[in-house]
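Let's take a friendly walk through this protein, from a single pair of side chains out to the whole fold. Have the model open and turn it as you read.

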Amino acid sequence: MVDVNNELMSATGQPASGAETEAVKTSAAPPRKSRSFAWIGYLILLGILGLTVGGWYFLQELRSKQEGLGGQLSSKDQQIMEFTRQLGAVQSELASLHSQLATLQSQVTTEDSRFERMIGEQSAQLNERLNLTRSELNESVHHIQRQLNKTRGDLMVADAEYLLSIANQKLHLIGDVKAVLAAMEAADQRLHDSGDPAVFKVREALADELETLRRLDAPDLVGISSKLLALEHGVKDIPLFLPHAGRVGEHGAPHETGEQSPGGGGDEGVVSALDNIKDLVKIRRTDRPVDAVLHPEQAEALRQVLVLKLETARAALLRSDEEMYKAALISARAWLDEHFDPSAEQTRHAAAEISALADQPIRIPFPDISKSLTLLRNIEKLRLEAEEAEARGSRGQPPEQTQPAETQP
């Protein structure tokens with residue numbers, strides 16, 4: 001009974017109650033009760049067996065589920081491995097893309113640096129051009145402002161500069177000393193009226209140049225040209241040596257007849273006709289042989305040749321070509337002696353004029369009169385010197401200490 005109780009305790013895990021312990025200890029309990037306890041033990045044993053079978057069955061189910069879960073896990077592992085492989089491929093592609101991106105970034109950096117350098121160079125050139133243009137515009141604006149702010153004295157100085165420039169050109173291109181003197185005197189008057197103290201040196205140089213030109217014995221080119229032009233106009237009145245017919249071709253206009261003055265009487269018409277006949281017939285004594293009678297056209301051609309020679313001499317005079325001038329006049333004199341009547345007063349007068357003009361020089365060395373113009377073009381420098389001299393005078397310093405004395409004209 002002790003063993004049964006121990007088994008019951010081990011099966012149930014609980015100690016037997018106090019009544020049961022009392023029943024076991026007392027050997028005087030009836031045997032019916034022990035059998036009931038035996039059946040209870042069997043029942044407990046059956047329960048334990050049931051629990052054991054249930055636990056085994058549960059373990060089998062759990063194992064089957066675990067095996068199913070393991071298969072699922074292996075499938076998931078394969079999926080994870082495939083995903084891992086794909087992820088590795090993507091990572092390798094990403095690495096390749098990263099290297100390509102790094103290469104592109106390096107190329108972009110190189111291009112950016114090149115573009116920045118080019119843009120910097122172009123920007124420097126553009127800034128340089130802009131600065132140059134800005135300086136030119138500022139200079140132009142200052143020039144316009146100076147032109148707008150010019151006073152009456154500045155305009156007088158500018159007018160004098162223009163007159164001196166014209167005088168220099170006329171002297172060396174035309175040689176008209178009288179016109180040059182007039183222009184220089186007008187320029188000196190403009191400088192006097194300007195009241196600018198800086199033009200003192202200019203007027204000194206201008207006075208020296210005027211005195212030099214007044215002492216110059218220059219040919220009167222305008223007078224010589226006028227004489228040549230008068231000779232050209234008088235050629236039509238010089239008689240030719242050879243006889244010719246046709247007063248109309250010679251003089252260019254018909255003489256008056258009786259039909260042109262209807263108001264006159266019959267006697268006046270007869271007298272006019274007789275005068276015309278006398279003009280057609282002239283008696284001349286000459287030692288030279290007369291070869292032929294000239295036609296009106298030939299007579300006019302001889303006169304035009306003489307006019308052309310005189311015109312050539314006048315053109316050479318205007319160009320100051322003395323050699324051509326003398327050659328043209330000598331040729332005109334020879335043509336006059338050969339084809340025109342030497343006994344006529346007009347011929348002798350024209351010959352004397354041509355000889356006098358040929359003996360007169362038309363080109364002489366002209367003096368330099370550009371000093372006054374050069375000084376006047378540097379008027380700003382002269383004004384600065386005048387201001388400095390005025391400042392030294394205000395401080396009590398004599399001008400002779402810092403500035404050499406000017407030569408008086």
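Two rings of Phe, Tyr or Trp count as an aromatic pair if their centres lie within 6.5 Å, with the six-membered ring standing in for Trp. Keep in mind that what you are looking at is a predicted model. By that definition, the structure holds one aromatic pair. The partners are Trp-39 and Tyr-42, with 6.0 Å from centre to centre and 90° between the planes. Planes over 60 degrees apart count as edge-to-face, and so the pair of Trp-39 and Tyr-42 is called edge-to-face.

Where does this pair of Trp-39 and Tyr-42 sit? Both residues belong to helix H3, which covers residues 31-148. They are three residues apart, about one turn of the helix. Is Trp-39 buried or exposed? Its relative accessibility is 59%, and the cut-off for exposed is over 50%, so Trp-39 counts as exposed.

Now step back to the protein as a whole. Of its 409 residues, 21% count as buried. Looking at contacts with a separation of 6 or more, 77% come from residues 24 or more positions apart.

Next, find helix H4 (residues 152-173) and helix H5 (residues 177-194), which pack with their axes 8 Å apart at an angle of about 165°. Angles over 145 degrees count as roughly antiparallel, and H4 and H5 are therefore roughly antiparallel to each other. The crossing of H4 past H5 is left-handed. On the H4 side, the residues making the contact include Met-156, Val-157, Ala-160, Leu-163, Leu-164 and Ala-167. From H5, the contributors include Val-180, Ala-183, Met-184, Ala-187 and Leu-191. Charged residues take part as well, among them Arg-152, Asp-159 and Lys-170 of H4 and Arg-190 and Asp-193 of H5. Counted by type, the residues of this contact are 15 nonpolar, two polar and five charged.

For a last stop, go to Glu-300 in helix H10, which spans residues 296-318. With a relative accessibility of 27%, Glu-300 counts as partly exposed, because that category lies between the 20% and 50% cut-offs. How far apart are Glu-300 and Leu-240 in sequence and in space? They are 60 residues apart along the chain, while their C-alpha atoms are 9.9 Å apart.

How values were computed:
Residues are numbered from 1 along each chain as its sequence is written. This is a predicted model: local features need pLDDT of at least 70, side-chain atom pairs count only at pLDDT 80 or more; totals for chains, interfaces and linings use all residues. Side-chain values use heavy atoms; hydrogens and water are left out. Rings of Phe, Tyr and Trp (its six-membered ring) pair if their centres lie within 6.5 Å; planes under 30 degrees apart count as stacked, over 60 as edge-to-face and the rest as tilted. Helices (H or I, at least four residues) and strands (E, at least two) are DSSP runs, numbered from the N terminus. Buried means under 20% relative accessible area, exposed over 50%, partly exposed in between (1.4 Å probe, protein chains only). Axes are lines fitted to C-alpha atoms, for helices over the stretch in contact, and angles run from 0 to 180 degrees between N-to-C directions. Angles under 35 degrees count as roughly parallel, over 145 as roughly antiparallel, 65 to 115 as roughly perpendicular and the rest as oblique. A crossing is left-handed if the near helix is turned anticlockwise from the far one by less than a right angle, and right-handed if clockwise. Contact means heavy atoms within 4.5 Å.
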